[in-house]
Amino acid sequence: MSRLQLGAEPTTARASKRARRREENSHEPGLFGVRTWTKTRLALACVFAVVAVFPLLYMVSLSFQPTDDIFTTHPTLIPSHPTTLNYVQAWTENDFSRFFFNSMGVALLTVVLTVVLASLAAFAFARYRFPCKELIFYLFLAALAVPSVDLIIPQYILMARLHLTNSLPGLSLIYTSENLPFSIFLLRGFFEAIPKELEESFRLEGARTLRVLTRLIAPLSAPALAVVAVFTFNFAWEEFVVASTLIDKSTRLTLPIGLNSFIGEHTTSWGPLFAGSMFATVPSILVYVVSQRWFRRGVSVGGIR
Amino acid sequence: MASISLEGVAKVYPNGFEAVKGLDLEIADGELMVVVGPSGCGKTTVLRMVAGLEHVSAGLVRFGEEVVNDLPSRERDVAMVFQNYALYPQMNVADNIGFGLRMRKVSKQEAGRRVKQAAQALGLAEVLDRRPGQLSGGQRQRVAMGRAIVREPSIFLMDEPLSNLDAKLRVQMRAEVARVQRRIGVATIYVTHDQTEAMTLGHRVAVMRGGLLQQCDTPQILYDRPANLFVAGFIGSPAMNLFEGAIATDVETVVLGSQRIPLTASVQAARPGLKRYTDQPVVVGIRPEDLPAANGSDSGAVLQGDVELVEALGSEQLVHFRTDARMIRAEALDSADGAAGTELSADANVARVDPRHSVSSGERISFALATERIEFFDPHTGLAIWN
């Protein structure tokens with residue numbers, strides 16, 4: 001009996017919401033009773049979607065076209081002579097596959113480091129009392145205001161002294177440090193919203209802090225952690241300036257720098273460049289698609305609301 | 001299994017606020033002690049200090065003979081039911097109940113058996129695979145209870161566990177709580193602001209106010225012999241009627257406005273301290289049920305009043321009346337110093353009258369007063385006058 005009632009409640013609420021919306025819309029004149037404002041918003045959304053997606057689609061199209069077709073005077077979105085040669089060339093020439101896996105390694109290590117360190121720091125800010133807590137937190141936030149370009153020389157000197165130039169883990173450390181302030185800010189807001197009683201109950205049941213973090217805070221903060229992971233992955237995956245400063249050994253190059261190798265002094269291999277760009281873009285999109293369920297919730301209810 | 005002993009326990013927060021001041025309290029093994037008081041009286045802080053969730057600023061907390069002040073909460077073997085239940089939203093009911101067992105490395109088989117047993121005892125067998133968000137308020141409350149009892153703790157703590165339930169469910173769950181506590185038979189502290197819960201559940205009841213313990217005794221003694229004005233006003237519903245009065249020179253009468261109530265020899269003998277108050281003001285307390293409507297044949301003491309309102313409840317009538325004696329009410333929400341202050345109240349006095357007795361608003365009514373049931377309090381200290 002109670003199961004039926006419980007199950008019925010949300011359905012009824014949703015149904016009545018839909019009915020209310022239908023009723024509101026029915027008062028509006030116009031095509032199919034849809035509000036004019038809604039139609040305008042829909043049209044604007046379509047325009048923005050086209051503007052955002054078109055370059056990507058065009059890149060996909062060009063990556064499947066032979067060089068002659070790329071430079072035609074009548075460009076087309078659908079390739080007239082589709083080929084996968086650009087992909088073969090991009091993957092096999094210039095050690096591109098190595099760059100791909102270098103970037104993947106750096107991005108994944110950065111994500112792991114950022115998620116772990118930001119979670120620990122945000123948990124401390126959210127739950128513990130310690131001297132100068134807010135001051136330290138605002139210092140972290142202040143780091144967001146410093147343009148990352150300004151930090152390149154100090155970062156280079158620091159990494160050189162630590163013998164971490166031309167080191168992919170070293171690159172990850174820099175990326176982690178750049179991602180920590182925002183991640184801590186986001187996660188602190190999320191952690192603070194978790195009722196303290198849950199944590200206290202966990203502790204009374206016998207859990208230590210690490211267990212509280214991994215078994216309680218992390219599962220409940222999945223949306224926020226997804227936001228941090230996606231932002232961090234994309235940052236580390238596409239970063240160019242720091243990587244080109246710290247890395248000059250050809251076997252340690254990352255994908256964005258590797259892509260640059262298709263651009264020669266006199267000629268540019270446009271077909272392989274677009275195919276390489278596809279290799280660079282697809283993981284970012286995949287990461288977002290896989291985590292979008294949590295990502296959207298995280299962005300809407302986290303500290304950046 | 002262990003007793004709980006609080007010796008001079010105090011809690012001072014970093015901002016200087018003293019939530020609990022020198023509390024001494026003993027809870028025997030198997031006893032259900034209810035800590036009751038208005039909001040901000042420090043009762044939840046006491047519970048949290050016993051649980052190890054708050055640092056103890058001064059004094060000792062003992063479980064049996066062991067001082068546990070510095071023992072982390074996870075090592076205290078304490079189970080607690082929180083006001084908002086604190087169920088883990090990411091786990092289903094079975095995992096919620098069994099979590100503590102997994103933490104204590106109880107085998108999967110044994111944990112499963114105990115979870116099922118607890119679920120059956122609490123009527124949760126049908127919902128073991130549901131998440132907390134899919135449960136009703138009563139079911140959530142039972143899951144919280146199940147989680148607390150399944151690992152057979154040495155000490156059981158409950159922080160206003162029924163306050164989020166509707167009135168009907170609260171009565172039902174109150175009996176459930178008493179049954180569960182009897183079954184597990186461990187020292188239990190139950191915090192509430194509801195004096196009805198306190199009176200019905202507690203083996204003993206500790207009344208707190210402003211961080212200070214006002215009185216700790218069995219519910220009946222609290223009701224019959226309140227130690228001070230605050231307890232007198234707090235325990236009982238409707239509250240005790242409090243009047244400003246004076247003891248006459250001969251100690252044989254108490255003056256309430258223009259009325260003189262004779263005090264019998266037995267009253268004077270039971271309260272020798274009244275002699276110190278001759279010709280001085282006292283606060284006179286009379287419970288509503290000690291004011292039955294007088295019929296013509298009553299020869300004892302009578303108190304007269306003007307009826308303002310009659311509430312017919314079926315089994316009784318609550319008659320709101322006024323006399324020309326000044327009314328006094330013990331403050332419920334008072335200053336943090338814990339002094340049993342008093343204030344004038346605009347509320348009328350209340351008497352419980354037999355429903356067959358015809359009473360109507362505006363009429364003058366006489367109540368047959370059982371003088372041996374009258375309480376006397378010092379108007380300055382608020383303390384009951386006995387010896």
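Start by selecting L210(A) and T214(A): these exposed residues sit on the face of α10(A) that is turned away from its buried side. Keep in mind as you click around that this is a predicted model.

Select L213(A), L216(A) and I217(A), which are buried in α10(A). Look down the axis of α10(A): the buried residues fall within an arc of 130°, so they line one face of the helix.

What covers those buried residues? Show α5 (96-127), α8 (168-192) and α9 of chain A, which are among the elements that cover the buried residues of α10(A).

α10(A) has 12 residues, and at 1.5 Å a residue it should span 16 Å; its end C-alpha atoms are 15 Å apart, which agrees.

Next, bring in chain B and look at the contact. Chain A puts in 16 residues and chain B puts in 19 residues. On chain A, select α1 (2-26), α9 (196-204) and α10 (209-220), the elements that each give two or more residues to the side touching chain B. Which element gives the largest share of that side? That's α9(A), with six residues. Colour the chain A side by residue type and you'll get eight nonpolar, three polar and five charged residues.

Last stop: chain B itself.

Terms used. Residues numbered from 1 in each chain as written. Chains lettered and ligands numbered in written order. Predicted model: local features only at pLDDT ≥ 70, side-chain atom pairs only at ≥ 80, totals over all residues. Contact = placed C-beta atoms within 7 Å. Helix = DSSP H or I, 4+ residues; strand = E, 2+ residues; numbered from the N terminus. Nonpolar A, V, L, I, M, F, W, Y, C, P; charged D, E, K, R; others polar. Expected span 1.5 Å × (residues − 1). Buried ≥ 20, exposed ≤ 12 C-beta atoms within 10 Å, placed from the backbone. Arc of directions from axis to C-beta.
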